[in-house]
Amino acid sequence: MKSGSNLEKILASGQFAVTAECGPPKGVSAKAIQRKGDLLKFHCDALNVTDNQTAIVRMSSLSGCVLLQQMGVEPVMQMVVRDRNRLAIQSDILGAVALGIRNVLCLSGDHQKFGNHPGAKGVYDIDSIQLIQTLKLMRDEKKFLSGEDISGEIPLFIGAAANPFADPFEFRAVRLAKKVKAGADFIQTQAIFDVPKFARWMEMVRDRGLDKKVHILAGVIPVKSVGMARYMKNNVSGLSVPKELVDRMADAKDAKEEGVNTCLEIIEQIKEIDGVHGVHIMAVAWEDIVPSIVDKAGLMPRPIV
Amino acid sequence: MITTEQKKFEEIEQMTKGYNRLLVLGCETCSAMSFAGGQRQVSELAVALRIARKTAAQEGEILEDAVARQCEPEFVDLLMDIVADCDAVLSLACGAGVQMLAERFPDKIILPGCNTMFLGVTEEFGVWSESCAGCGSCILDKTGGLCPIARCSKRLFNGPCGGSQNGKCEINPNVDCVWQLIYDRLKGLNQLEKLEEIFPIKDWSSSFHGGTRKIVREDLKL
């Protein structure tokens with residue numbers, strides 16, 4: 001075991017993992033996090049706490065993680081390189097480990113231009129792949145990037161993101177290989193709407209033997225309305241939303257129900273794809289729906305390891 | 001070249017108000033190539049300022065001049081007499097030129113008429129783009145001759161990120177994804193294997209992050 005986290009144990013035991021996203025509040029309410037923790041704790045193996053997602057200032061990921069941890073819910077701390085240089089990254093990792101955080105997801109972060117402080121200076125001292133390397137160095141060699149020794153163990157389960165839908169498509173499995181080589185233990189993918197394209201990516205991933213080296217959790221987003229489907233199709237870069245999905249949402253009598261059904265169908269299909277070891281549900285501003293999705297997808301009860 | 005863009009006229013007008021004898025000073029190298037601060041732009045701006053002052057019944061005279069390079073002391077020192085004859089200098093050079101003037105003429109008001117933009121190239125007539133970040137340790141041998149530090153919005157060394165779509169950067173559909181360009185170029189050169197290697201963490205101390213930089217060449221000193 002690298003970290004002994006619940007997520008690591010479940011994946012190591014070969015069981016299908018379930019994670020979900022838990023966005024921290026734009027304020028100081030611990031309850032906002034705790035409520036989501038309460039809602040999701042029996043249906044998920046770990047909860048990702050986002051890190052100033054879409055470059056909008058929110059409660060820090062580390063604080064959100066600690067609040068979950070205190071109530072017995074396992075967090076995945078998301079960490080972006082947009083806001084921290086190598087000094088801040090390493091010190092935050094030391095603090096996170098001291099506070100019991102065991103899962104970290106390494107990200108570059110949405111560009112500051114998209115957020116509520118578009119005049120901010122982006123740090124980008126190191127990139128997301130180099131962040132993975134940094135955590136692996138800290139964990140496996142107990143060293144800082146400076147080469148100096150760290151006192152104590154850094155038991156981390158290192159995660160990374162992958163977007164099978166970005167360009168150039170044929171490079172996407174190569175980029176995953178780089179993340180695996182850098183030290184990623186698990187992957188949470190961009191939300192999947194275009195299952196055939198995801199399946200083609202997984203084929204390239206398997207061809208390189210990467211599915212044997214890293215646990216891939218396929219990302220899904222339950223879509224709440226046709227407006228949201230349209231918005232994601234037209235405005236969110238790096239997402240591939242088929243026109244059929246938008247049409248289906250538009251034609252549906254009950255859009256929410258249709259959104260859940262679509263999400264369940266996608267989960268059903270990705271479960272069948274070789275090398276997919278779990279699902280990551282990103283129900284942005286619709287966390288309430290996650291338990292019933294996990295239920296209906298036949299993923300309950302969650303394993304106890 | 002160093003690209004510059006002339007500031008908005010209102011800002012220049014506001015900044016120069018109250019300096020009766022104002023010298024508008026061009027720079028005939030980069031700023032002229034940027035069509036922002038060469039002899040021609042000096043004349044145009046001087047005319048506009050004269051008209052604005054006349055309309056506002058404001059006193060004063062607008063002088064014009066230009067030198068080959070405001071960043072070189074030997075050219076700047078040629079301006080001794082004309083600068084002595086004015087209340088303030090509006091420099092149309094880059095920030096380096098403005099500062100050279102400030103250093104050479106310690107008792108004179110020196111004002112910037114341009115915004116210094118970036119180290120870049122002329123894409124086509126009227127279009128310039130950033131291409132070099134001046135980081136102090138060039139990596140272009142490893143990236144197919146295209147710089148991700150200057151041209152990737154997230155300065156990724158191991159791109160392209162998940163926001164690369166149809167060859168464009170997620171931050172702006174008019175901005176090329178440099179990592180797509182690097183990919184295409186290396187593919188054409190049969191060197192795609194270069195992208196399989198993880199690019200190591202950069203030492204930024206050769207860039208601005210190591211403090212203000214200076215080059216000293218003992219072999220050239222007189």
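Guide: We'll take chain A, then a helix pair, then chain B.

Guide: This is a predicted model: local features need pLDDT of at least 70, side-chain atom pairs count only at pLDDT 80 or more, and totals for chains, interfaces and linings use all residues. Residues are numbered from 1 along each chain as its sequence is written, with chains lettered from A and ligands numbered from 1 in the order written.

Visitor: How many helices and strands in chain A?
Guide: Chain A has 11 helices and 8 strands. These are DSSP runs, numbered from the N terminus: helices are H or I, at least four residues, and strands are E, at least two.

Visitor: At what angle do helix 8 and helix 9 of chain A pack?
Guide: About 165°, with the axes 8 Å apart. Axes are lines fitted to C-alpha atoms over the stretch in contact, and angles run from 0 to 180 degrees between N-to-C directions. So helix 8 of chain A is roughly antiparallel to helix 9 of chain A (over 145 degrees).

Visitor: Which residues make the contact?
Guide: Helix 8 of chain A gives Val226(A), Ala229(A), Arg230(A) and Lys233(A); helix 9 of chain A gives Leu245(A), Val246(A), Met249(A) and Ala250(A). Contact means C-beta atoms, placed from the backbone, within 7 Å.

Visitor: Switching to chain B. What domains does the assignment give?
Guide: Domain 1 (2-118) and domain 2 (133-209), with bounds from an automatic or database assignment. Their C-alpha centres lie 37 Å apart.

Visitor: And how many residues of chain B touch chain A?
Guide: 23 residues of chain B are in contact with 25 residues of chain A.

Note on methods:
Contact = placed C-beta atoms within 7 Å. Parallel < 35°, antiparallel > 145°, perpendicular 65-115°, else oblique.
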